[in-house]
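Please look at the sequence and the model first.

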Amino acid sequence: MRVAPVNRKGAASRPGIVDNVKNSPANIAIIGAGPAGFFAAEALLKRDDPVAIDLINNLPAPYGLVRDGVAPDHQAIKSVTRVYASLLARDEVRYFGNVTLGEDVTLEDLRSRYDQIVYAVGAQSDRRLGIPGEDLAGSHAAMRFVGWYNAHPRFRTEYFDLDCEDVVVIGNGNVAIDVARILVLRPERLATTDIADHALAALRKSRVRRVTVLGRRGPAQASFTNPELREFGRLEGVSAEVDAAELELDAASAAEIEDNAVRKRNMNTLRGYAESKPADGDRVVRFRFLVSPFEVVGKGGKVCGVRVERNRLVAQKGGYQRAEGTGVVETLRCGMLIRSVGYRGAPVPGVPFDERAGIVPNEGGRVLVRAGGKEVVPGEYVVGWAKRGPSGVIGTNKADAAGTVALMSDDRGAGIFVGCGRDRPDDLPRLLDRRGVRWVDKKGWTRMDACETALGEAQGRPRVKFCRVPEMLDAAGTPGSRD
Ligand code: NAP
């Protein structure tokens with residue numbers, strides 16, 4: 001590991017290296033209070049060396065994708081917030097909500113105050129298909145739809161025209177599953193959840209009855225986890241359909257599922273759907289495999305279909321099966337299209353970014369000056385999707401964060417810190433106040449949380465989420481005039 005030159009006050013012989021490791025707690029800023037940020041805090045607090053952690057989050061409310069990504073009908077998954085709340089309650093942890101790095105605080109502000117900085121910023125953008133018609137009205141990124149129904153303030157004003165019977169969802173991951181399920185669930189089922197009020201109102205009026213989920217590869221390569229796929233078999237009034245002919249596997253795919261319990265279970269679930277009778281209801285989720293979209297078709301500037309090409313699988317070195325077009329094309333009619341082909345990291349001002357991979361370049365969690373290089377940015381680390389890309393379930397972030405935190409501990413032991421500690425983090429509240437930032441502390445979040453849950457209780461729901469930042473700040477009792 002090479003350490004880039006930095007200039008830390010009090011540092012002795014070498015830049016970036018502090019010879020006298022302090023006994024006082026290491027001051028650590030974690031940027032992003034989602035699962036990755038909280039699991040990093042947990043791992044830091046579990047170690048013997050003392051730490052003082054500031055969690056800095058761009059939305060007023062913490063919990064990231066647990067609040068804004070997990071589907072509202074999957075409340076059990078959200079119970080992990082109890083762990084996060086207990087971490088937030090620790091004396092060693094301060095919370096700064098509604099604070100955006102690059103706007104309200106600069107990297108320089110942080111570098112001059114903290115010994116170590118952890119980027120837990122997730123993947124704030126979406127991958128594109130790169131096909132004609134992708135930007136027609138009625139063609140949407142799944143990330144925006146998910147943010148909209150989950151009351152994320154950034155997506156509150158998105159418009160999804162649900163005045164159509166057919167929707168196509170592109171992609172075979174769990175986000176595609178969530179999107180398809182939300183579109184076919186009966187609104188009464190959603191009415192008891194913390195779905196955004198605006199989304200519930202729109203879904204109550206929805207005419208959507210058929211959702212077709214497209215995989216560019218075969219059923220054996222789908223990324224769904226099995227409980228999510230199986231759930232369609234239990235939804236009232238919803239038929240899950242798949243053509244048995246599309247479930248026939250070539251030898252390589254058959255071998256592929258032999259070694260993969262999840263995919264084997266998925267195949268069994270899909271075979272069950274192929275054999276089952278339609279449910280008593282008018283809502284259908286249909287799975288299609290080995291088809292790639294190559295054009296979104298519009299009429300009057302709005303989506304009316306998608307042209308797809310049938311694929312075959314071609315084995316690559318290492319066993320990966322790639323989809324290759326056969327030249328056979330067809331058009332699927334639909335009034336809305338959702339592209340669920342993966343999230344993508346977005347650059348944070350001043351923080352190195354690997355454009356190709358869409359992550360912060362890193363070696364095991366130590367931030368690298370540039371992708372493919374060896375030079376490390378001393379005292380700066382990355383966890384979660386910003387570290388490894390948008391993969392895995394919430395729990396995956398626990399082991400991921402522990403790996404980074406172990407390196408942070410090693411570096412502290414070796415006296416490697418951010419390196420330009422002119423100030424201390426104690427003055428962060430004053431700095432934010434001076435800049436007119438309406439930041440939310442732990443007490444503010446507790447008040448906001450209590451307001452949301454009280455509103456929910458009155459309606460028999462877990463909570464009613466605020467979806468505007470000013471509403472959140474008012475509920476938090478945060479003084480100031482900045483929205
Ligand atoms: P994902 O699991 O990576 O799935 C992305 C899908 O998009 C894959 O099927 C991929 O196919 C397909 N795709 C990519 N480019 C494509 C293209 N150009 N044309 C057609 N298809 C394309 O991503 P995700 O669904 O966004 O989920 C992100 C992560 O969050 C995953 O780890 C997921 O498990 C997790 N998550 C979990 C839950 C849950 O536990 N309930 C819920 C939501 C999300 P290929 O395989 O061919 O590349």
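## The second largest pocket

The second largest pocket holds about 380 Å³ of space. A pocket is an open set of points on a 1 Å grid over the protein atoms alone, with protein on both sides within 12 Å along at least five of seven lines; the volume is the space filled by probe spheres set on the points, which are joined across faces, edges and corners. The model is predicted: local features need pLDDT of at least 70 and side-chain atom pairs pLDDT 80 or more, while totals for chains, interfaces and linings use all residues. Residues are numbered from 1 along each chain as its sequence is written, and side-chain values use heavy atoms, without hydrogens and water.

Lining residues have an atom within 4 Å of a point. This pocket has 20 of them, and Tyr63, Thr81, Trp445, Asp449 and Arg463 lie nearest its centre. At least two lining residues come from each of α2 (64-68), α3 (81-88) and α15 (442-458); helices are DSSP runs of H or I, at least four residues long, numbered from the N terminus. The largest share, five residues, belongs to α15. The lining has seven nonpolar, five polar and eight charged residues. Here Ala, Val, Leu, Ile, Met, Phe, Trp, Tyr, Cys and Pro count as nonpolar, Asp, Glu, Lys and Arg as charged, and the others, Gly among them, as polar.

## α15 and α16

Helix α15 also packs against helix α16 (residues 469-476), at an angle of about 105 degrees and with the axes 7 Å apart. Axes are lines fitted to C-alpha atoms over the stretch in contact, and angles run from 0 to 180 degrees between N-to-C directions. The two helices are therefore roughly perpendicular, a term for angles of 65 to 115 degrees.

Gly444, Arg447, Met448 and Cys451 of α15 meet Met472, Ala475 and Ala476 of α16, where contact means heavy atoms within 4.5 Å. By class, this contact has five nonpolar residues, one polar and one charged.

## The largest cavity

One cavity of 30 Å³ or more is present in the structure. A cavity is a set of grid points where a 1.4 Å probe fits but cannot get out. The largest cavity contains about 60 Å³ of space. It is lined by 13 residues, with Val121, Ala346, Phe353, Val360 and Ala386 closest to its centre. Ten residues of this lining are nonpolar, three are polar and none is charged.

Definitions and conventions: Parallel < 35°, antiparallel > 145°, perpendicular 65-115°, else oblique.
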